[in-house]
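Biologist: I'm new to this one and would like to learn how to read it. Could you walk me through a few features?

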Amino acid sequence: MGRIATTVDEQIKLLTDRGLVLDCGKQKAKEHLLDIGYYRLGFYWNPFEIDNKHSFKKDTNFSTVINLYYLDVDLRYLLMRALNRIEINIRTQIIYQVSNHYKNSPTWFSDPKVMKPKFINDFHKFYNHKFIENNKPIKEHHNRYINDIYAPAWKTLEFLTFGSIYSIFYNLKDDALKKKIIQYYGIKKVDVFINYFRTIIFIRNICAHSGLLYDANTPLAVKPTPLIKINNNNRHSLNTAIQVIIHFLGKISTNRKGDLEKDIERLYLQHKDNQEIKDIIENKIGFDFC
């Protein structure tokens, strides 16, 4: 949009001058721009631009841009439901397994016999006055047990970020305990679990912050195992990351796994007749219609 704000009428003129077809009508196009925003929609018409002047490919319809936007929104919604379930489950498994392994150390996350030094040294940055004040059960715990430095793990870990839960798992000293935790998910190697965990966090953060999903590529290549289907050997694609999510969900609920697979396929099939979006689903997301 440049450095000067524009009105919706000016935005419409910019788009039509660049070759975008307002097949939905000018008034409806205005509604979309005022609802979603010119800047945000720019991420969804970007695939249809053909030069550095932002000219559109011939016969690019505004409705195609909107359909791509809602494909992204709907996919994000489907994944977020699954990711919430997975996040709670992983959090629970770590709390349960480690707390029962170290029954005499209820704040094992600060125990140098359990955790690597760097995590313990940095933990006060997370568990500070603001953390206590913002989380009522933690605050109530300290009001009741005034000499406790930390609340027990089964309270504390419920209020840490998912990224912090990853750090806790990563910094556990006992590799045998790590292997016991990952067995729940049908995974044998700790490095594979860590790779999949980081993949899940990456997609979860995009969904949680309404980020651009259809064009997402994971920074880490997903480790190939028989557990994960990888189309065209693209280990960075969104579809490959989704297969990781589906695998974890299946270890929690086979019914929810089946529902997610069907819902995603049904969503893609809704756009199969639009060649431009079909190409994006196949070539950017990495889904195979065949």
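Modeller: Let's begin with a term: a helix here is a DSSP run of H or I with at least four residues, and helices are numbered from the N terminus. Keep in mind that this is a predicted model.

Biologist: How many helices and strands does the protein chain have?

Modeller: There are 14 helices and 0 strands. The C-alpha trace spans about 70 × 45 × 30 Å along its principal axes, and of the 290 residues, 47% are buried.

Biologist: How do I read the packing of α1 and α2?

Modeller: Two packed helices are described by the angle between their axes and the distance between the axes. For α1 and α2, the axes come within 10 Å and cross at roughly 115°. That makes α1 roughly perpendicular to α2. The crossing is right-handed.

Biologist: Which residues in α1 and α2 meet?

Modeller: From α1 you have Val-8, Asp-9, Gln-11, Ile-12 and Leu-15, and they meet Lys-26, Ala-29, Lys-30, Leu-33 and Leu-34 in α2. By type, the residues of this contact are 6 nonpolar, 1 polar and 3 charged.

Biologist: Now a loop, please. Is Met-115 buried or exposed?

Modeller: A residue counts as buried under 20% relative accessible area. Met-115 sits in the loop between α4 and α5 (117–122), and Met-115 is buried, with a relative accessible area of 0%.

Biologist: Which residues does Met-115 touch?

Modeller: Leaving out residues up to four places away in sequence, Met-115 touches Trp-108, Phe-109, Ile-120, Ile-168, Asn-171, Leu-172 and Lys-173. Look at Ile-168: it is 53 residues from Met-115 along the chain, with 7.8 Å between their C-alpha atoms. Across the protein chain, 62% of contacts between residues at least 6 apart in sequence join residues at least 24 apart.

Definitions and conventions: Residues numbered from 1 in each chain as written. Predicted model: local features only at pLDDT ≥ 70, side-chain atom pairs only at ≥ 80, totals over all residues. Heavy atoms only, no water. Axes fitted to C-alpha atoms, helices over the stretch in contact; angles between N-to-C directions. Helix = DSSP H or I, 4+ residues; strand = E, 2+ residues; numbered from the N terminus. Parallel < 35°, antiparallel > 145°, perpendicular 65-115°, else oblique. Left-handed = near helix turned anticlockwise from the far one by under 90°. Contact = heavy atoms within 4.5 Å. Nonpolar A, V, L, I, M, F, W, Y, C, P; charged D, E, K, R; others polar. Buried < 20%, exposed > 50% of the residue type's maximum accessible area, 1.4 Å probe, protein only.
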